[in-house]
2 protein chains.
Amino acid sequence: MSRVLNGNTNISERTRDKVMEIVKQYNYVPNTLAKGLASSRTYTVGFCYDYTEKQAVSNPFFQMVLQGVEDVVYRRNFLFLMMSMQRDQLDASSFAKVVTERRVDGVLVPTQLFTEAVHSLLLREGMPFVVVGEPMFAQPGIHWVDIDNVQAAMALTRRLIDRGLGQIGIVYDEADKTKDKFVLDRIEGYRRAMGEAGLQAKEATLERLRGMSGNGCGGASQALIFSTESLLLDWLDEADEHPPADSIHLATFDRSPYHRHIKYGVESIEIELETMGIEAADMLFALIEKTELAQPYIKIPAK
Amino acid sequence: MSRVLNGNTNISERTRDKVMEIVKQYNYVPNTLAKGLASSRTYTVGFCYDYTEKQAVSNPFFQMVLQGVEDVVYRRNFLFLMMSMQRDQLDASSFAKVVTERRVDGVLVPTQLFTEAVHSLLLREGMPFVVVGEPMFAQPGIHWVDIDNVQAAMALTRRLIDRGLGQIGIVYDEADKTKDKFVLDRIEGYRRAMGEAGLQAKEATLERLRGMSGNGCGGASQALIFSTESLLLDWLDEADEHPPADSIHLATFDRSPYHRHIKYGVESIEIELETMGIEAADMLFALIEKTELAQPYIKIPAK
DNA sequence: CTGTTAGCGCGTTCAG
DNA sequence: CTGAACGCGCTAACAG
């Protein structure tokens, strides 16, 4: 009986039909748990998320990536489990529990959560995994998918340059720089675009910008690119107190419907979060099925 | 052996210790699947979410509620599964799959997704459930938890009144009104607060407001309360084209860090989404354990 | 109190 | 090609 349901070939037409009929009759639903117990697979993948990140700040990231993941997971007839994890509280997390109990066939881990401790746990348990976002530390055998932040920053910068803006600065946060790889990539992309246009790159933290306030909050820039959205919000706070002298353009990597209602124009670039979720899930399934992967990682270009 | 792990009382100290030692020694991890198969429980609850809702619009709702849910789910040593569902595509949804395969012990369903079809499926399968948000249709035996939107609207309205604003209108969308119960509640709360203050309530759709544009986009109001955030965004779009003649205050029920940077002041009220998640999950566990519930539903007051 | 055994519902043999 | 038996790891019921 299990043979017909699982598409085994060695089955006569007649038997198959007979089984199918009874299946319909009793409207039989296979028990995934039992199936899993017998085949030692769970037909479930896990998605790990940051418990500490309580910010309700417009965070399309989470939802969009999830959307993509769910898409392919559903198509494969899998389900997916959410696993919370507190930073540096690995043992107490439901993530650790799920992995050690082997309640999933593979996991997706956001780069912010992918510490060396997480990595070794995964390795020890032999659990397939894909990191969402480029990992903060390089190690052979780690598969990941990320947005091509260098390329996105170049595109965004070029867009400002094409507008005739020559004085363009980029704002970053010192702490983010060591914590999030994408901040470095965005700065890098900005530099390249400026270099190609023969313009001078100017990088500053919010504090440095404040020091240059003789020229307003923009430090003599016509445009400011914010490496993260929260920096943009911080800058806006300060601009309320000390408005910049000259007109200024703002730009960021996240989109918000509020942008067009801000006093200053806010330019942004579309980042394909959903695609990232899809690619990550596809990669994970390849690992689960031990398919040979063409490449250890994928970078998704922004449009 | 199963007896000691599951906290059975009829066990001698000596045996318990002996078992525990061996457990440590082999660092044994119980297999939840097998446990589930034997006890016909899954130690998992499902959270159903809207697949069609692709809007990355500042939607703290989802995340915040999830946060609360995860909190209590984790504390109970359960896990939770995400189940997508397309509106009016019940059969094809992973929600239906999870429920009929009994891969969870109970589910949480957002009111927007809680149709009669969903209800009868749940009933047929005998699956415990809690609706997140007040259901659109009344039926005995449905348990739900919601924000007290009437109270929240009253609080928000009063806050505007206390500011000395007398001409306060509320904006709603005709379609939302039939689809989302909370819109009705918010209008109701607004009415009450206005009534108590002896002020005249003025309700309008965005279209009606446009008609009154002789007096600007606000229709002679000093303040506008938007029943949903997307309406606020729509209004802002129109205000860019035809700015209101007089100064105007805006108010809404969702918070966004962008609000304070909008040309007009935006007042908002804190809605305790996380609490809603906690209460919903608690209620679900009560149902799963067949505990007697004090009340069929819970309304959470806004601060 | 404790050791033993029969399923839970499937996949996977192994004979026929 | 097909039916039957066994085992996945655990709980629950049954004797001791």
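Contact between chains is taken here as heavy atoms within 4.5 Å. In this predicted model, the contact draws 60 residues from chain A and 60 residues from chain B. The area buried between the two chains is about 5400 Å², with carbon and sulfur atoms giving 57% of it. Of the area that chain A buries against chain B, 15% is supplied by A:L79, A:Y258 and A:H261, more than by any other three residues.

Between chain A and chain B, 23 residue pairs are in polar contact, both residues being at pLDDT 80 or more. Several elements of chain A give two or more residues to the side that touches chain B: helix 3 (32-39), strand 1 (44-50), helix 4 (60-75), strand 2 (79-85), helix 5 (94-100) and helix 11 (229-241). Helix 4 of chain A gives the most to this side, with nine residues. By class, the side of chain A that touches chain B comprises 28 nonpolar, 18 polar and 14 charged residues.

Pairing of strands also links the chains. Strand 2 of chain A and strand 2 (residues 79-85) of chain B run antiparallel and are joined by three bridges. Within this pairing, A:L81 stands opposite B:L81 of strand 2 of chain B.

Side chains of opposite charge can pair when their charged atoms come close. The structure holds 28 salt bridges over all chains, and the count between chain A and chain B is two. A salt bridge is formed by B:R260 with A:D237, where the closest N and O atoms are 2.6 Å apart. B:R260 is located in the loop between strand 9 (249-252) and strand 10 (266-268) of chain B, whereas A:D237 belongs to helix 11 of chain A, so the pair joins two chains.

The relation between the copies was examined by superposition. Chain A is superposed on chain B by a rotation of 180° with 0.1 Å of shift along the axis, at an RMSD of 0.2 Å. The two copies are therefore related as by a two-fold rotation axis. The same surface serves both copies, as 100% of the contact residues of chain A recur in chain B.

Terms used: Residues are numbered from 1 along each chain as its sequence is written. Chains are lettered from A and ligands numbered from 1 in the order in which they are written. This is a predicted model: local features need pLDDT of at least 70, side-chain atom pairs count only at pLDDT 80 or more; totals for chains, interfaces and linings use all residues. Side-chain values use heavy atoms; hydrogens and water are left out. Buried area is the accessible area (1.4 Å probe) that two parts lose on being put together, summed over both. A salt bridge is a side-chain nitrogen of Lys or Arg within 4 Å of a carboxyl oxygen of Asp or Glu. A polar contact is a pair of N or O atoms within 3.5 Å; within protein, one must be able to donate a hydrogen and the other to accept it, and residues adjacent in sequence count only if both atoms are side-chain atoms. Helices (H or I, at least four residues) and strands (E, at least two) are DSSP runs, numbered from the N terminus. Ala, Val, Leu, Ile, Met, Phe, Trp, Tyr, Cys and Pro count as nonpolar, Asp, Glu, Lys and Arg as charged, and the others, Gly among them, as polar. Two strands pair if DSSP finds at least two bridges between them. Copies are superposed by least squares on the C-alpha atoms of residues with pLDDT of at least 70 in both.
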